[in-house]
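Student: Hi! Could you walk me through this structure, pockets and disulfides included?
Tutor: Happy to, let's open it up.
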Amino acid sequence: MKLKFNLKLTQIQLIVISSLFFVLFDNFVFFKKSYEVFHNIFFVFGLGVLLFIVISTLLALVSNRFIIKPLLIALFLTSSAAAYYMKTYGTIIDDKMIQNVFETDTNEVRDLLNWSLFLYVFLLGVLPSFFVYKVEIVKNPLKKELISRLKFLVLNIVLIPVLYVAFSKYWVSFFRMHKPLRMYTNPTFYIYSLGKFIKEKYFTTPMKFKHIGLDAKIEKTEGKPRLVVFVLGEALRYDHFSLNGYQRDTNPSLEKIDNLVNFPDVYSCGTETAVSVPCMFSPYNRSDYSDKKAKHTDSVIDIINRAGVNILWRDNNSDSKGVAKRIKNYEDFTHAHIKPYCNDFECYDEVLLYNLQKWIDERNNSKPILIVLHQKGSHGPAYYKRYPKKFEKYKPVCKSNQLQECKKEEVINAYDNTIVYTDKFLSEVIEFLKRNQKKYKVAMYYIADHGESLGENGIYLHGLPYFIAPEAQKHPASVAWFGDNFDINVSCVKKIAKNAYSHDNLFSTLLGLMSVKTKVYNPDMDIFEKCRIKK
């Protein structure tokens with residue numbers, strides 16, 4: 001027996017029904033946060049009416065009989081996923097998050113898939129899409145359709161002053177003082193963000209590539225060449241380092257190492273990898289950084305490479321976000337399948353040290369070497385996948401990517417275990433460097449790209465817009481270590497380690513560590529300049 005579906009609707013009727021669905025079922029987070037701010041259920045209802053007006057007006061203006069169905073189906077499916085991530089992780093779908101979506105890899109996508117997401121997509125995406133697909137659109141004459149739309153748009157316009165009068169004392173506060181609330185509207189804000197992303201990427205004036213540091217050269221120093229390992233961490237917040245006073249011993253290895261310096265007051269350029277990584281290597285400070293400028297300007301890696309330093313970038317994360325695209329030696333270990341460091345899906349960070357000594361031994365020993373190791377680190381939500389079983393120090397752990405369904409203690413346990421593993425990894429990097437001290441002046445510098453939220457105020461992971469992101473997402477961990485023969489006064493560095501620093505310092509700090517001389521080097525931004533031993 002076939003199910004008959006004979007419902008007929010005009011385009012305006014379908015727009016009204018669809019807009020009501022978006023408002024009522026895809027905006028739980030927006031209404032919840034609005035009520036928490038204003039504590040007035042009637043004003044929240046007024047916000048719902050305004051959101052309906054905005055959504056339905058946009059649909060009435062851009063849709064026609066030929067595109068209304070595919071447009072609504074695409075919006076239902078996308079909005080259902082957006083509703084899930086906003087509800088589950090506190091995510092805001094801004095242009096930076098959309099950039100993350102386009103730049104993520106399959107492993108990261110797999111970690112975010114679960115049955116709750118599928119249920120959201122089915123109930124809020126597939127079912128209304130099926131309804132839209134099956135409904136029959138009434139074919140009105142063009143004149144009648146235009147008059148119908150005009151009447152609907154006039155009604156929407158008339159409702160706006162009515163809403164303003166009804167809740168006049170709230171609107172100024174909503175639009176001026178609580179702008180972040182609008183970032184939770186679904187689908188309007190992610191549509192705006194997508195348009196902003198597309199405009200920035202494809203429709204802005206082409207920018208000529210800017211080469212800087214063309215005068216870069218290796219400054220002659222006495223003794224052995226330098227071997228520096230820069231470890232680029234992932235999602236490691238400073239306050240879960242026991243080196244920073246965390247009550248758990250998450251740094252059992254690093255705490256025993258001489259000449260190690262901890263930096264407790266470092267802030268990131270962004271709250272997501274797609275922003276922080278290109279920003280920290282670029283010549284731009286966070287205040288004047290843009291993705292477009294970074295992609296069309298030499299990074300510090302380009303300058304050091306041009307100066308004649310041997311550079312190797314090894315990646316166990318999604319990629320270098322364009323930073324390493326112009327250097328010769330880039331190695332991707334995300335799907336290396338090297339035992340015992342890798343399983344069928346991904347590799348642990350220790351794989352980054354695999355055959356590294358062989359690579360060094362094959363270089364020209366008279367030239368300095370810079371090695372960048374890009375960790376998987378503490379990337380969520382599947383923290384339990386980031387470390388081998390023997391590093392599961394804190395139990396029980398959350399073994400789900402639906403962090404909100406785990407106990408807070410389980411989420412923190414799994415996250416802290418990733419730090420214990422990073423602690424071990426960093427200590428192995430240092431031991432590796434110690435074995436090379438006979439031929440090189442050795443040093444390691446570590447900093448994470450951003451921090452991580454672990455459920456505080458219902459927020460998980462990272463990626464919130466910087467101006468509303470919590471401290472935990474903007475305050476990453478950072479340490480440095482210097483070999484006995486490196487021309488840095490460690491006692492001096494320890495005295496200045498508690499000063500405030502940021503990703504903005506990395507550009508000149510790396511130039512200084514590699515002893516690369518160039519006019520774009522700023523000694524005031526080099527963390528270690530004041531502690532350099534001059535010979």
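Tutor: A naming rule comes ahead of the rest: helices (H or I, at least four residues) and strands (E, at least two) are DSSP runs, numbered from the N terminus. This is a predicted model, where local features need pLDDT of at least 70 and side-chain atom pairs count only at pLDDT 80 or more, while totals for chains, interfaces and linings use all residues. Residues are numbered from 1 along each chain as its sequence is written, and side-chain values use heavy atoms, with hydrogens and water left out.

Student: Thanks! How much space lies in the largest pocket?
Tutor: About 1000 Å³. A pocket here is an open set of points on a 1 Å grid over the protein atoms alone, where a 1.4 Å probe fits, with protein on both sides within 12 Å along at least five of seven lines; lining residues have an atom within 4 Å of a point. The volume is the space filled by probe spheres set on the points, with grid points joined across faces, edges and corners.

Student: And which residues are closest to the centre of the largest pocket?
Tutor: Tyr85, Met97, Asn100, Val101 and Leu112, out of 34 lining residues. Two or more residues each come from α4 (68-89), α5 (95-103), α6 (106-112), α10 (188-202) and α11 (273-281).

Student: Which element gives the most to that lining?
Tutor: That is α4, with 7 residues. By type, the lining of the largest pocket has 21 nonpolar, 9 polar and 4 charged residues.

Student: How does the lining of the second largest pocket divide by residue type?
Tutor: Into 14 nonpolar, 7 polar and 13 charged.

Student: Switching topic: which residues of α9 are buried?
Tutor: In α9 (residues 168-177), they are Tyr170, Trp171, Ser173 and Phe174. Buried means under 20% relative accessible area, exposed over 50%, and partly exposed in between (1.4 Å probe, protein chains only). These α9 residues pack against α2 (28-38), α3 (41-62) and α8 (142-166), where contact means heavy atoms within 4.5 Å.

Student: Now the cysteines. How many disulfides are there?
Tutor: A search of the whole structure finds 4, a disulfide being a pair of cysteine sulfur atoms within 2.5 Å. Counting bonded cysteines along the chain, the pattern is 1-2, 3-4, 5-6, 7-8.

Student: What does the link of Cys269 and Cys279 look like?
Tutor: Their sulfur atoms are 1.9 Å apart, and the link is right-handed, with 70 degrees about the S-S bond. Cys269 lies in the loop between β6 (266-267) and α11 and Cys279 in helix α11, so the pair ties together parts 10 residues apart in sequence. Both cysteines are buried.

How values were computed:
Nonpolar A, V, L, I, M, F, W, Y, C, P; charged D, E, K, R; others polar.
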